[in-house]
Protein chains: 2
Amino acid sequence: MTTPHKLTGADRDKALAALADHGWAPVEGRDAIAKRFVFSDFNEAFGWMTRVALVAEHMNHHPEWFNVYKTVEVTLATHDVGGLSNLDVALASKMDRLAG
Amino acid sequence: MTTPHKLTGADRDKALAALADHGWAPVEGRDAIAKRFVFSDFNEAFGWMTRVALVAEHMNHHPEWFNVYKTVEVTLATHDVGGLSNLDVALASKMDRLAG
């Protein structure tokens, strides 16, 4: 388990640019990132959520997420640092990988 | 699997009254019901979501839900009937029972 550190300045810009390539966008009015994942049905969507949940629990870093049927809208931020951290970047990357 | 039928009139009032006893409230501006479930931690919250997901898939009737750590905010409505149906009442009751 890694201690989160807040991303600022050039580190933050670089991370956001890399995340943008994978469909993650900054959230209006919050130091957070968001992405909408769309699967083929509820089974696929919730199956993915379950795999992410195991990863998140292991990281002790959890997403905010909204699910309706085959769609999952995810927001990532780190409460303990009051914004975007290295853990958000790591979790975003794992979510992308698990979504295949 | 049951075919949904829209709740109206006295049936709807009766259902809403029974649901209100269990913490379900009508949603402002939508023919839907909502409830916030709070668990002890993410493990408990997501464990409950997983059990509900299996029930929902079996019913072929799925919730709208938002999870942050130990909290799950649920909204139930039935797209096919454009409002609240018997399936929403059934799923709400199962969610309550699984939350213990």
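Author: We begin with contact, meaning heavy atoms within 4.5 Å. By that rule, 15 residues of chain B are in contact with 15 residues of chain A. This is a predicted model, in which local features need pLDDT of at least 70 and side-chain atom pairs count only at pLDDT 80 or more, while totals for chains, interfaces and linings use all residues. Residues are numbered from 1 along each chain as its sequence is written, chains are lettered from A and ligands numbered from 1 in the order in which they are written, and side-chain values use heavy atoms, with hydrogens and water left out.

Reader: How much area do chain B and chain A bury between them?

Author: The size of an interface is often given as the accessible area lost when the parts come together. Here chain B and chain A bury about 1400 Å² (accessible area, 1.4 Å probe, lost on being put together and summed over both), and 70% of it lies on carbon and sulfur atoms. B:F42, B:F46 and B:W65 supply 36% of the area that chain B buries against chain A, more than any other three residues.

Reader: Which elements give two or more residues to the side of chain B that touches chain A?

Author: Helices (H or I, at least four residues) and strands (E, at least two) are DSSP runs, numbered from the N terminus. The elements in question are α2 (42–59) and β3 (64–68) of chain B, and α2(B) gives the most, with seven residues.

Reader: Why is the pair of A:F42 and A:F46 stacked?

Author: Rings of Phe, Tyr and Trp (its six-membered ring) pair if their centres lie within 6.5 Å; planes under 30 degrees apart count as stacked, over 60 as edge-to-face and the rest as tilted. Over all chains, the structure holds 15 aromatic pairs. The rings of A:F42 and A:F46 have centres 5.7 Å apart and planes at 25°, so this pair is stacked.

Note on methods: Buried area = accessible area lost by both parts, 1.4 Å probe.
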